[in-house]
Amino acid sequence: MSNFISARYCKTLLACAMLLSSYAGAADKLAHVTILATGGTIAGSGATSTTTVGYTAATVGVERLIAAVPELAKVADVKGEQVFQIASENMSNEHWLKLAKRVNALLAQPDVDGIVITHGTDTLEETAYFLDLTVKSKKPVVLVGAMRPGTALSADGPINLYNAVLLAASQEAIGKGVLVAMNDQIHAARDVTKTNTSTPDSFKTPELGMLGYIQGNKPYFYHVSSRKNTADTEFDISQLDTLPQVDIVYGYANVNPVALNALVASGAKGIIHAGVGDGSLANSVKTGLVAARKQGVLIVRSSRVGQGIVARNGEANDDELDFVASDTLNPQKARILLMLALTKSSDSKQIQRMFYTY
């Protein structure tokens with residue numbers, strides 16, 4: 001009888017061991033995703049549950065963000081790291097360099113399959129595009145934020161974070177460039193922009209279109225960007241501690257050249273002119289832009305419109321003036337590309353090539 005009990009006991013132990021082994025195997029199959037937290041509304045808090053504006057950004061740490069979404073454990077093996085704790089209007093070139101270097105260091109590790117970056121929405125599109133040009137890996141990198149603080153009714157941060165981790169853990173996101181996951185949608189870093197001051201559907205790609213949806217715990221891609229990104233770019237920030245000064249001058253009726261002249265005098269190496277229409281140059285600033293170019297300052301004609309191609313030799317003779325046209329990049333993203341371009345070349349023809357490549 002004792003031998004019979006002993007045999008049954010051994011079988012029970014063996015069954016338990018096999019069950020535990022199957023659980024361990026399932027856990028091993030989960031992708032390893034690191035969440036890098038930088039602050040923003042997704043880490044913010046308000047005075048009441050109905051406070052959706054006037055809240056305080058960047059008050060909640062990454063561990064609390066992760067703990068608030070226990071469902072993350074079902075889609076990835078998640079680790080968190082607090083890189084910064086700032087409102088994104090305070091994001092600087094130095095922050096970008098530090099963040100890109102950290103992303104590259106993590107993605108070089110075999111036990112990291114993807115990265116999620118929580119970020120304030122004000123400059124999220126800029127950080128995403130900077131990483132799209134400087135990350136040296138095909139592994140998924142996904143930026144995510146929230147339009148409402150976590151203390152608000154119908155806060156969008158938790159589901160956005162869940163979707164971002166799911167996307168970063170997916171095979172479908174590999175090689176797609178840096179992505180933005182907001183409002184159940186997938187956007188390309190190059191083309192997405194914030195379109196509304198406060199509503200949850202603020203992030204859109206108005207003209208070129210989003211890449212896909214996240215639905216039913218699965219990403220669905222319908223198209224991808226044809227522009228080079230991440231590991232396929234020529235930019236290397238590994239040895240950089242600073243970036244060239246590039247500033248934006250806004251065009252408007254009766255525009256005054258004082259701002260342009262002050263920025264050039266302050267040491268700008270490049271100027272993005274956010275012109276009216278197709279990047280038109282008012283006479284009051286054209287003289288200053290031409291003079292700046294003769295001093296060696298790179299001039300890029302962009303547009304404040306937000307959609308469409310800024311045509312080379314359209315509203316200005318770019319060949320004659322030795323200016324660069326921004327293609328479809330909005331002014332804030334044109335600034336990012338010009339900063340990185342200036343680390344490689346000061347030749348306007350080479351820089352124009354980059355604007356048509358990235």
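Mentor: Happy to! Let's start with helix α4 (residues 124-134), which lies across β3 (114-118), β4 (141-144) and β5 (179-182); helices (H or I, at least four residues) and strands (E, at least two) are DSSP runs, numbered from the N terminus. Its direction is at about 170° to β4, with axes fitted to C-alpha atoms, for helices over the stretch in contact, and angles running from 0 to 180 degrees between N-to-C directions. Keep in mind that this is a predicted model, where local features need pLDDT of at least 70, side-chain atom pairs count only at pLDDT 80 or more, and totals for chains, interfaces and linings use all residues. Residues are numbered from 1 along each chain as its sequence is written, and side-chain values use heavy atoms, leaving out hydrogens and water.

Helix α5 (residues 157-168) also packs on the sheet, at about 160° to the direction of β3. This helix touches β1 (32-39), β2, β3, β4, β5, β6 (185-188), β9 and β10, contact being heavy atoms within 4.5 Å.

Now for the sheet itself. It is open, with 8 strands in the order β2-β1-β3-β4-β5-β6-β9-β10 and mixed pairing; two strands pair if DSSP finds at least two bridges between them. Because β2 (77-86) and β10 (218-221) each have a single partner strand, these edge strands are left without a neighbour in the sheet on one side. From one strand to the next, the twist averages 25°.

Look for Ile214, whose bridge partner in β10 is Pro219.
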